[in-house]
2 protein chains.
Amino acid sequence: MAVACRFPSYQAVLVKIKGSLAGEEQPETTSLKEASIEYFVSFVQIFGLPKSVGQIYGLLFVSVRPLAMDEIVEHLGISKGSSSQGLTLLKGLGAVASEQIPGDRREHFKADINVSRIVTHFFDNQLQPRLDNGESRLKEILRLAQELEQEEGGTENAGVVTRIKALQKWQKRGMNIIPMVIRWLKR
Amino acid sequence: MAVACRFPSYQAVLVKIKGSLAGEEQPETTSLKEASIEYFVSFVQIFGLPKSVGQIYGLLFVSVRPLAMDEIVEHLGISKGSSSQGLTLLKGLGAVASEQIPGDRREHFKADINVSRIVTHFFDNQLQPRLDNGESRLKEILRLAQELEQEEGGTENAGVVTRIKALQKWQKRGMNIIPMVIRWLKR
DNA sequence: TGATTTGTTCATTTTTATTTGAACAAACCG
DNA sequence: CGGTTTGTTCAAATAAAAATGAACAAATCA
C-alpha cells in the first residue's frame, strides 16, 4: 500500500465534463454516514490511499459504537480482504484503535481522531526516510557532477554544480521544517 | 494528471522480494544524467506524479543548456505526447521555464529550482482548495449529526457530534499552518 | 477432538492512470 | 500559396494499483 499527495489525473477533467453532459444524477438527500464516508474518501485520496480506507474510516468516524469487521463489510459492501487490509493500514497509522467487547470474540474497531499522532506517524515513517534517502543520493549526484567538471576542465558544468548545491540547501530546509510542523501540531 | 503524497502499494513489498531473489542486476556505474533522473522520478512519485514528469525534470536539471522537446524525447525515449503533457504540467507548477534561442524556432526548456515558488503554487492550487471544500463539507456533516441527535432525543449521538467538532478544530489548524509554512520557505 | 467463527494472505480480476502515436492545428519558410 | 517543422490533443493500448474471494491458519467452542 502507498501514501502520497494527489493532483487530478491527466484526463480526469474530460471525464467529468462528459459525465455532466450525460446527466449523471446525484442523490438529493445524503445521510450522515454517506456524507462522512464521502468526506474521508476524498481526504485519504489526497494522500494517495485507496478509497476503501477512506470508506472504512468514514464509517467508523460517525458510528456510535465500535464495529466488528463483518459489520464494516456489510455496511460498505466491500470484501473481507479489503477490510482486513484497510484496517491493518489504519491501525498502522494510529487512525483506528481496536478493543474487545465482553461476550464477543470479534475485534471491534473505532476511529481515533488524534490527528497529531497520525501526522507525526506519517512524517516519521513516510516522509523522513525518503528525505534521508534523498540526501545521500544528492551527495552522489554532486560527486558525479564535480567529477565531470574536473575531467573536462571546462566551465560548462559549473552551472549544474551550483544548481545541485542549491537543491541540497532546499533538501536541508525540508528536513528542518518537519520537526517544526510536528511541534506546532502537538502544541 | 494528479498530485498526492504516496505510500508504497499493498503488494509492492512482495514484488521487491521476488525481484531480489530473481537476481536483478543493477548497473555498477551510473552517469550524472541517470542519477538525476532516478532521483527526480522517485521524488515526483512522492507527490503521485507520473514517472515521465520526473524523468523530464531530472534531465533538464543536469543539462548545461536548455533543451527542445524533440531532444527530450530522444534522450529519454518517451513519446512526443508524454513530453508535451509533462512539460505543460511542469510549466504549470513553475518548475520549468521556456525560452527562445536565436535562430531556432523550437521552444527550449530549462529546470527552474525556485522551490519556494513551486511549493507555494502547490499549496495554493492543490491543498488550499481541498481544505476549503473540506470545511463546508464538515459543516454539513455536523448539521446532519445534530439533526439526528435532536430527532432521536437520545444521547447516543452526542459522542459523534463531539468528534466532528474536534475534527473541525484540526481542519482550522491545517488551514492555518499553510501560510506559516509558505512564509518560512520564503524567508 | 472436530466443528465453527474470526481474520489474513495472495493469485486473480477489475478498475484506474499513464503512455503512445496518429490525426490535427498553427506557425514559419521559400 | 504548398511544403515543412513544431507542438497539442485524445482514442486506444499498456501498465499499475486496488478489490475480490477462495484457501488457509489460528483461536474458540461444545
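A polar side-chain atom of B:Ser84 is 2.7 Å from one. For A:Ser52, the corresponding distance from a polar side-chain atom is 2.9 Å.

The model is predicted, with local features requiring pLDDT of at least 70 and side-chain atom pairs pLDDT 80 or more, whereas totals for chains, interfaces and linings use all residues. Residues are numbered from 1 along each chain as its sequence is written, chains are lettered from A and ligands numbered from 1 in the order in which they are written, and side-chain values use heavy atoms, without hydrogens and water.

DNA strand D is surrounded by 22 residues, a residue being near if one of its heavy atoms lies within 4 Å. The closest are A:Ser52, A:Ser79, A:Arg105, B:Ser84 and B:Glu107. Sugar and phosphate make up 61% of the DNA strand D atoms that come within 4 Å of the protein. The nearby surface has 3 nonpolar, 12 polar and 7 charged residues. Here Ala, Val, Leu, Ile, Met, Phe, Trp, Tyr, Cys and Pro count as nonpolar, Asp, Glu, Lys and Arg as charged, and the others, Gly among them, as polar.

Helices (H or I, at least four residues) and strands (E, at least two) are DSSP runs, numbered from the N terminus. Helices H3 (51-61) and H5 (80-93) of chain A, and H5 (80-93) and S3 of chain B, each supply at least two residues of the surface near DNA strand D. H5(B) gives the most, with 4 residues.

Chain B holds an open sheet of 3 strands in the order S1-S3-S2, with antiparallel pairing. Strands pair if DSSP finds at least two bridges between them. The edge strands are S1 (67-68) and S2 (96-101), each pairing on one side only. S1(B) is joined to S3 (residues 104-111) by 2 bridges. B:Leu67 stands opposite B:Phe109 in S3(B).

In chain A, A:Ser83 sits in helix H5. A:Ser83 is buried, with a relative accessible area of 0% (buried means under 20%, exposed over 50%, partly exposed in between; 1.4 Å probe, protein chains only).

Definitions and conventions. Polar contact = N/O pair within 3.5 Å; in protein donor to acceptor, adjacent residues only side chain to side chain.
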